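Hello,

Here is the structure we talked about. My notes on the aromatic side chains follow below it.

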Amino acid sequence: MIEAYVDGIPWSSLGIGIKRRDIPPLPETRDYTVQIAGRDGDVDFGSEYGSRIIEHECILMADDATLDYQAKVREIARIFDAKRGDRTITYSDLPGKRYRARYAGTLSIEKIIYDGMFQLPLKMHNPFPESDEENIEELLISQSPHTITIESDGDLSASPIFVLTNIGSNTINGFMIKNEYKLE
């Protein structure tokens, strides 16, 4: 069973079990096109990604006391309150990935004897998860050319930031930074 965490709090501690989770492989797109009279088709100005909704089909597991069930419902409403803004969501089966999302939708719990069934939609305004990064700090390059390998487990390529500092007394008249990608 998948365990999920909201800001480090396990959902199971709230009485939530995940029956099904749907993270779309890509978010929806916003296409920018214009139709011009007298011309076939559209003029395409490109597209961007919109937000991404992660759907959860959950079960609220409660003890046989009605009071315990209602307390768990109130705690879920408090934890996922949209007014609290984006929360960090992580999953046990996706280590190293953090999803910044907030509750978006309606939370109606269908009570079945002691337990309840509900949908929990979470909206990611930045549609891509964050990942753990490896920082390389204070690397001394004493010869040229020199190659540094930077590993990233992220889902989307990002530009690295290089800060070069001359710690010697000699003036450096020219240097070159070359970025090459190796396809495997």
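F128 is buried, with 18% relative accessible area (buried means under 20%, exposed over 50%, partly exposed in between; 1.4 Å probe, protein chains only). This is a predicted model, where local features need pLDDT of at least 70 and side-chain atom pairs count only at pLDDT 80 or more, while totals for chains, interfaces and linings use all residues. Residues are numbered from 1 along each chain as its sequence is written, and side-chain values use heavy atoms, with hydrogens and water left out.

Rings of Phe, Tyr and Trp (its six-membered ring) are paired if their centres lie within 6.5 Å; planes under 30 degrees apart are stacked, over 60 edge-to-face, the rest tilted. The count by this rule is three aromatic pairs.

One of them joins W11 and F80: with centres 5.4 Å apart and planes at 85°, the pair is edge-to-face. W11 lies in the loop between β2 (9–10) and β3 (16–22), and F80, 69 residues away, in the loop between α1 (66–79) and β7 (87–91). Helices (H or I, at least four residues) and strands (E, at least two) are DSSP runs numbered from the N terminus. W11 is buried at 0% relative accessible area, and F80 is buried at 6%.

F128 pairs with Y49, also edge-to-face, at 5.5 Å between centres and 80° between planes. Y49 is in strand β5 (residues 43–49), whereas F128 is in the loop between β11 (122–124) and β12 (130–131), 79 residues apart. Y49 is partly exposed, at 38% relative accessibility.

Lastly, the charged end of R21 sits over the ring of Y91, 4.5 Å from its centre (NZ of Lys or CZ of Arg within 6 Å of the ring centre and within 35 degrees of the ring normal).

Regards
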